[in-house]
Structure formats: structure tokens, C-alpha cells
Amino acid sequence: MTRRTAVAAAAAAAVVTGASGKPVLLGGAPVRTAAFPSWPVWGSSDETALLQVLRSGKWFRGYGKVVDAFEGKFAAAMGSPYCLAVANGTSALMTALHGLDVQPGDEVIVPPYTFIATVNAVLSKAALPVFVDTDLRTFQMDATKVEAAITERTVAIVPAYIAGAPANLDKLLEISKRRKVKLLEDAAQAHLGEWRGKKLGTLGDAGTFSFQASKNLNAGEGGAVLSADRAFIERCHAYHTNSSPKRGTQPPANQGANLRLTEFQAALLLSQMERLETQAKTRDMNAAHLTKLLQEIPGITPVSLEEGCTRSAWHLYMFRYDAAEFAGLPREKFLKALAAEGVPCSSGYGPLNRQPFLETVLQGRGYQRLFSADRLRRWREQNHTPVNERVCAEGVWFTQTTLLAGREDMEQIAAAIGKIRAHAAELARLG
Ligand SMILES: *Cc1c(COP(=O)(O)O)cnc(C)c1O
């Protein structure tokens, strides 16, 4: 957009009802009162799919064929040779870490800016999560800092594609190959996201997805592991079904768990997949429009995508808020004022690597046996992620359903932020 059309768009946004008066918190009218689209979305096709499974009486994947059908359809949509459906995104990570042979006492490189499950999956293997700082521009794992975190015990790097956009995968893939460390993509938020035209979750040794209620593809709960490596997927398959070989008679080859998806969830996922691309296109268009509007507002910095990112899944819309450009209005007050204008928003993740549960685990008997006092001392010394702390302190999120609204709703968001900025000094003086 040229400067002139941007100004025209901002002017159009300013005539949005309620945008020219005072902020709600100063007694004005809200920019918007309509709700953003609700989630999940369903219709008669979903009802039919669920009823079919119900009436078949085959509710378990061992009896039916619906989980198999979903695996085939998801693999095809992602351009991946193999897919294993599992109970949820956390168990997808646990299963993939098993498939990659992550053992007690190993180390796994993780980002601090992620949902806790990325780290819990590593802890569930009694491996050490080693945190690498965040990139200020993208909010993703900073690939330039990964190599320094590799030790002789490092087995895998697990970038988590927060909001549905990747870390620098050219760098991560190069490091993974050269240092012989596996790359496991936590693509729980990244359905249909892409790196240089390839779907996220298909570039590394394995990729995992979540179909939990908030995710862009959902069945309440659910997850999947993708890989091009048949032997890896077979190890994962055995693990997710208590290591019982497929209707075989051989003894189990390894440990396992029950992490199976039900036929009901698979039926719902199959019907939900019909909407996935259309919803993704709507988010693409709205995110692009919102970015054009927001980057014109001083103090609002939408996250950048890496140059190689050809598509984000836009599970979240994230930007940095600079209070100094808003008369010192603290982020928490900004969020309150924005919510009052009818724009739901949040502050996003806090610093996961500072959470006390990590020390509880590291000081437990098991980790004390597995890792030397010297290794744990170095872990504490290296667990410094100043950029991540800044991202956690300045980040603002909208959820993916915000991006399922209309183009004019994006203009209202920009108008609401513009109005708050115009009255920021008065808002800062409020108690
Ligand atoms: C949602 C999520 C998970 C976990 O998925 P569940 O299905 O909730 O277990 C893991 N990693 C990230 C980045 C997520 O957003």
C-alpha cells in the first residue's frame, strides 16, 4: 500500500462509529459492540459424520476405518508421506520424541516463547529442555542462537511455530544436518502454514499438530505426527498403542502408552477439514489488511514473517506494543482499554523458562541422578533470554477467530487502537 492509500484507509477507519469520540474508559462510546465470529464452526455435515460413527457402533480405531481415513486425508493435504493421528498435541510431541529415540539424560533445544506442552513433552522423557532466546522481529526461536546451545547430549531441536509462522528454517535445517541433531517441528498452531511452498511440519525429521478446541483445525482434542520416514512412523504407531504390533502375534518391541484418537474425533476432523482452506484464506486477507493499518500507528509493531515463510497459519495475530509511544500507558491498561472498545485481546505468553515448576523438576531425585551438578549449574547460567523477556512484556495477541471477521472489523480494530493512542495520556492518568 502506498502512503496515500494507507492514509485514506486510516481516514476510513476513523469514521468508524465511536472512533472519533472518547475511549470507553473515559466515558465514550465503544468502537464496536458486535461480537467477533464464534468458534468452533459446524453444520449438518459434522452432525452426519458424528452420527455415522455413533450408529456404526465402531468407536475405537481398532474397529473402524475413520482414523485411518483422516490420517490419509491430513497427510495428503500437508504433502507428507505418513501421518499418525494421536490423542492430542502434547501426546503427538511425546510420541515423536519417542520415535526420535529421546532418552532420559538427553538434551532437547526448545523456545521459551511457547505453550507449556512443548517443554512438558521433553520433561516426560526425562530429558533436559535447553532454552534458546526469541527473535524480537518474529517472536519465534532465534535460529542464530541455536548452535551455541548444542552439547554432546543434544538429540533434537524443537522449534514451536507460534501463531502459525516458522522460525528461520533454512538455518535450522542446515544446523540439524551438519550437527546431526534431529529437527522436530511443533506445528500445533501451524496448519497450512508454509516455508518456501512446503507445509510446516513436513520440513524436519517430524512435525506435530494439535486439534485442541482453540486450534485452527479442531475436534475438541486431537493431534497428529507427520514424517517422511516410514520406520519412524512405525515406531510412533507402536508407541501410541501400547507397543502392541498391529494385530500381530510378535512380542512388543519397546515401551508404549495409549494415546489413540477415537473414531468420533477423526470423523469430526474429516468434516472440519472441508472448511480449513477457506478459513485460512480469510485469515490471510484479514491479517494482511490489519498489518497495513497497524503499521501506520506509531508504537504498534506487527510481527514480521521470515523471508522464507510463504504462508502463516495465523493461529494468532501478534504485535509489539511500545508504551513510550502511548504516553507511557502501560500494556495492561492498553489491553483493558482495547477490550472495552469491543476488541478482545491478551498479553500472550509469559516467560516459560522462568516458571518455578522447572526448578521443581530439576531438583527432583530423577534429574539429580541424570544430570551432573555442573551441568545443571551451567543450565541455570545459560537460561538467560533477555529478548524473550521483552517479547513477553510487550506482546499483544488477537486470536484466530478475530481474523475470521470481515475487512471492516479490521478497520475497527485499527480505529480503536488509534483512539486509545489519541487519548493515551488521559488513560494513563486513570487509576
Ligand atoms: C496447543 C499446543 C500444544 C499442545 O497441544 P494439545 O492438543 O493442547 O495437547 C503444543 N504446542 C503448542 C505450540 C501448542 O500451541
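The model under discussion is predicted. The shell around the ligand holds 15 residues, of which Gly89, Thr90, Asp186, Ser210 and Lys215 come nearest. By residue class, this shell divides into nine polar, four nonpolar and two charged residues.

Several polar atoms of the protein face oxygen atoms of the ligand. A polar backbone atom of glycine 89 is 2.7 Å from an oxygen atom of the ligand. From the side chain of glutamine 189, a polar atom lies 2.8 Å from a ligand oxygen. Lysine 215 has a side-chain N or O atom at 3.0 Å from an oxygen atom of the ligand. On its own, the ligand has 380 Å² of accessible area, and the protein covers 93% of this.

The site may also be described in terms of pockets and secondary structure. The ligand sits in the second largest pocket. Two or more residues of the shell around the ligand come from each of the elements α4 (89-99) and α5 (117-124).

Attention now turns to the salt bridges. A salt bridge requires a side-chain nitrogen of Lys or Arg within 4 Å of a carboxyl oxygen of Asp or Glu, and by this rule the count comes to 31. One of the salt bridges joins the side chains of arginine 178 and glutamate 174, with an N to O distance of 2.6 Å. Both residues belong to helix α6 (residues 169-179), and because they are four residues apart there, about one helical turn separates them.

Conventions:
Residues are numbered from 1 along each chain as its sequence is written. This is a predicted model: local features need pLDDT of at least 70, side-chain atom pairs count only at pLDDT 80 or more; totals for chains, interfaces and linings use all residues. Side-chain values use heavy atoms; hydrogens and water are left out. A residue is near a molecule or strand if one of its heavy atoms lies within 4 Å of it. A polar contact is a pair of N or O atoms within 3.5 Å; within protein, one must be able to donate a hydrogen and the other to accept it, and residues adjacent in sequence count only if both atoms are side-chain atoms. Accessible areas come from the Shrake-Rupley method with a 1.4 Å probe; for residues, only the protein chains shown count as cover. On a 1 Å grid over the protein atoms alone, a cavity is a set of points where a 1.4 Å probe fits but cannot get out, and a pocket is an open set with protein on both sides within 12 Å along at least five of seven lines; lining residues have an atom within 4 Å of a point. A molecule sits in a cavity or pocket if more than half of its atoms lie within 2 Å of its grid points. Ala, Val, Leu, Ile, Met, Phe, Trp, Tyr, Cys and Pro count as nonpolar, Asp, Glu, Lys and Arg as charged, and the others, Gly among them, as polar.
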